[in-house]
Amino acid sequence: YDIGNGMGLISTTDFFMPIVDDPFEFGRIAAANSISDVYAMGGKPLMAIAILGWPVEKLSADIARQVIEGGRSVCAEAGIPLAGGHSIDSPEPIFGLAVTGMIALKDLKKNDTAKEGDLLFLTKPLGVGVLSTAQKRGLLKEEHQAGMIKQLTTLNRIGEELGKISEINAMTDITGFGLLGHLIEMTEGSNTSAHIIYSKPPVQEGVREYIAQRVFPDATTRNWSSYGDKVKFEKGVNVMEAFTLLPDPQTNGGLLISIAPQAAEKLKDLFRTWGLHDHLEEIGSMIAPGEKRVFIQP
């Protein structure tokens with residue numbers, strides 16, 4: 001919302017049912033995911049209010065308190081207050097936030113303004129949907145648990161700094177539609193196509209092991225069904241693996257950045273400052289519109 005002095009307000013909300021067993025971690029994950037949309041636009045979060053649905057006859061109020069405390073801890077990391085909220089009795093536990101942020105309108109990032117020739121960068125590895133499904137099925141190894149939780153609870157705070165880089169032409173966060181779905185949104189809105197180098201996007205440890213066991217969320221298949229006709233795999237790509245990995249729905253996924261090539265080193269310097277040393281290589285680029293929206297190369 002343009003408030004008339006070169007600044008704008010951002011208002012967003014997100015909430016979901018538990019994807020981990022630990023109530024405190026669930027609160028952290030839901031809060032980080034909710035705040036992400038502000039960062040994805042280059043904005044600065046200001047405050048949040050909680051959205052809580054709780055089955056009061058099934059689960060104790062103390063467990064609900066742990067969920068809220070998890071959310072409060074992530075809000076503290078973001079430097080914002082959890083300034084109240086609303087709760088209802090519901091059949092299943094639900095938690096999330098409504099978040100208000102602020103943005104200098106000149107720094108506002110959108111997902112439909114990419115340009116041909118832009119390079120594509122990603123700030124988090126792929127695969128948390130696969131790992132979450134492995135956990136639900138009792139297959140997730142202990143050594144993969146910590147990496148999954150770390151990613152799910154890590155704020156995309158770098159987005160506030162990315163908003164100040166004028167050469168970033170488009171930006172979005174990777175969530176439920178997977179990398180391919182959100183990239184297709186970017187290409188369609190920008191009237192471009194994109195090519196992805198399949199070997200370049202970082203992948204969470206253990207993900208390929210679970211994919212080989214055919215462990216993946218049901219939403220992966222739904223994602224592919226909704227946009228698979230807009231994707232072309234070039235010769236040499238492991239199609240069965242890519243079909244599972246690239247549409248994998250992410251919770252609190254990374255930021256997908258479309259940036260003019262001449263500013264790539266500026267972006268990499270910022271990545272180094274934020275410790276994103278595994279994300280310094282571009283994963284692809286925006287190209288002229290073609291027969292498909294996304295071309296996957298080996």
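Let us start with a contact: the side chains of Lys141 and Glu209 meet in a salt bridge, with N and O 2.7 Å apart (a salt bridge being a side-chain nitrogen of Lys or Arg within 4 Å of a carboxyl oxygen of Asp or Glu). This pair links distant parts of the chain, since Lys141 sits in the loop between H3 and H4 while Glu209 belongs to helix H7 (residues 207-212), 68 residues apart. Helices (H or I, at least four residues) and strands (E, at least two) are DSSP runs, numbered from the N terminus. Both partners are partly exposed: Lys141 has 36% relative accessibility, and Glu209 has a relative accessible area of 31%. Here buried means under 20% relative accessible area, exposed means over 50%, and partly exposed lies in between, with a 1.4 Å probe and protein chains only.

Before going further, a word on the model. It is a predicted one, in which local features need pLDDT of at least 70 and side-chain atom pairs count only at pLDDT 80 or more, while totals for chains, interfaces and linings use all residues. Residues are numbered from 1 along each chain as its sequence is written, and side-chain values use heavy atoms, with hydrogens and water left out.

Back to the charged pairs. The structure holds 13 salt bridges, and two others are worth a visit. One joins Glu291 to Lys232, with the closest N and O atoms 3.4 Å apart. Glu291 lies in the loop between strand S10 (284-287) and strand S11 (294-297) and Lys232 in strand S8 (residues 231-233), so this bridge ties together parts that are 59 residues apart in sequence. Glu291 is exposed, at 62% relative accessible area, whereas Lys232 is partly exposed at 31%. The other pairs Glu161 with Lys164, again with 3.4 Å between the closest N and O atoms. Glu161 is partly exposed at 29%, and Lys164 counts as exposed at 51%.

Now for the pockets. The terms come from a 1 Å grid over the protein atoms alone: a pocket is an open set of points where a 1.4 Å probe fits, with protein on both sides within 12 Å along at least five of seven lines, and lining residues have an atom within 4 Å of a point. Grid points are joined across faces, edges and corners, and a volume is the space filled by probe spheres set on the points.

The largest pocket contains about 620 Å³ of space. Its lining has 29 residues, and the closest to the centre are Thr175, Gly176, Pro249, Gln250 and Thr251. Two or more lining residues come from each of strand S1 (7-16), helix H1 (23-40), helix H3 (128-136), strand S6 (168-173) and helix H6 (178-190). Of these, H3 gives the most, with five residues. By type, the lining divides into eleven nonpolar, eleven polar and seven charged residues. In this scheme Ala, Val, Leu, Ile, Met, Phe, Trp, Tyr, Cys and Pro are nonpolar, Asp, Glu, Lys and Arg are charged, and the others, Gly among them, are polar.

The second largest pocket has a volume of about 490 Å³. Thr123, Lys124, Pro125, Leu276 and His279 lie nearest its centre, among 20 lining residues. Helix H4 (residues 142-153) supplies the largest share of this lining, three residues.

On the surface, Tyr1, Ile3, Leu9, Leu46, Met47 and Ile49 form a nonpolar patch with about 550 Å² of accessible area together. Patches take residues with over 30% relative accessible area and no salt bridge, joining like charges within 9 Å and nonpolar side chains (Val, Leu, Ile, Met, Phe, Trp, Tyr) within 5 Å; the areas come from the Shrake-Rupley method with a 1.4 Å probe, and for residues only the protein chains shown count as cover. Strand S2 (residues 44-54) gives the most to the patch, with three residues. Ile49 is found in that strand and is partly exposed, at 36%.

Finally, look at the backbone of two asparagines. Asn191, in the loop between H6 and strand S7 (193-197), has a positive phi near 55° although not a glycine, and is partly exposed at 49%. Asn252 also has a positive phi, of about 50°, in the loop between helix H9 (239-245) and strand S9 (255-259). Is Asn252 buried or exposed? At 0% relative accessibility, Asn252 counts as buried.
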